[in-house]
Amino acid sequence: MAIETTHSEFEVLLRQSASLHRHLCPRQVLGVRLGMYAARLFSPLLPQKNKRMLAMVEMDGCFADGVSVATGCSMGHRTMRLADEGKIAATFIDTAIAAREGSALRIYALPDLRARATAYARSAPSRWHAYLAAYQQLADEEIFGTIPVRLNFDVNAIVGQPGARTTCSRCKEEILNLRQVVQEGRILCRSCAGESYWSA
C-alpha cells in the first residue's frame, strides 16, 4: 500500500467515515487520506488527543467527516472550522505556533487528480468506481499538494475563549466564546450588529 500507515488502520478509518453515511464514497476516502497525510506531517500532534490543532476544511459533507475521523479534529471539539470554498482542501493550524506567527499548512487535491485516478483504474466500471479505487491506492504525493500559508485572521479570535459568556443588549440572547461585537459601546450579537446570515 502506498500510504504511510498500516492497511488495517486505513480500513478502520474508512469504516468509521462510512458509518456516518451508510456507504463509502470517493470524497470520504479523500478526506481520510488527507487527514492521514496531515497526521504524518504533523506527527505526533495528529491524530490529536487535545485541542492544539485546528483544521480549516474547505468543503463540508463526506470529505469533512473523513478528515475528522483521521485527525481527531471536529466541529464538536471546536477544532474544525468550515471555510466553504467548495474545494478538496484543508489548512492545518498548530494553534500554539500560529497564535505567534500566523502560519499554517494547506493540503489540497492536485488539479489533475481525477485524470490520474481514471488512468490508474482504467478497468473500473465507471469514473466513480475509478475514483474510489484510485484514491485508496495512489501515493499521498500523487493525490495532494502542500503549501505553507499565512492566516488572514487572528487564531485566538477563531478559537475564542470557552466559557466566556455575555448577552446581546438588543435581542437579549446569550453569546458564547467571545463572538460579540461592540458598537457605540453596546454589546451586540453578530446578527444584531448587521452581520447576520439570516433575516426575519
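Biologist: Is F92 buried or exposed?

Modeller: Buried means under 20% relative accessible area, exposed over 50%, partly exposed in between (1.4 Å probe, protein chains only). F92 is buried, at a relative accessible area of 0%. This is a predicted model, where local features need pLDDT of at least 70 and side-chain atom pairs count only at pLDDT 80 or more, while totals for chains, interfaces and linings use all residues. Residues are numbered from 1 along each chain as its sequence is written, and side-chain values use heavy atoms, with hydrogens and water left out.

Biologist: Which residues is F92 in contact with, leaving aside its neighbours within four places in sequence?

Modeller: Contact means heavy atoms within 4.5 Å. Among the contacts of F92 are L34, F42, L46, V67 and I107.

Biologist: How is a pair of aromatic rings described?

Modeller: By the distance of the centres and the angle of the planes. Rings of Phe, Tyr and Trp (its six-membered ring) pair if their centres lie within 6.5 Å; planes under 30 degrees apart count as stacked, over 60 as edge-to-face and the rest as tilted. The count here is three aromatic pairs. One of them, F42 with F92, is tilted, at 6.3 Å centre to centre and 45 degrees between the planes. F42 is in the loop between α2 and β1 and F92 in strand β3, 50 residues apart; helices (H or I, at least four residues) and strands (E, at least two) are DSSP runs, numbered from the N terminus. F42 is also buried, at 15%.

Biologist: Why is the pair of Y131 and Y135 stacked?

Modeller: Because the ring centres of Y131 and Y135 are 5.8 Å apart and the planes are at 5 degrees. Y131 and Y135 are both buried.
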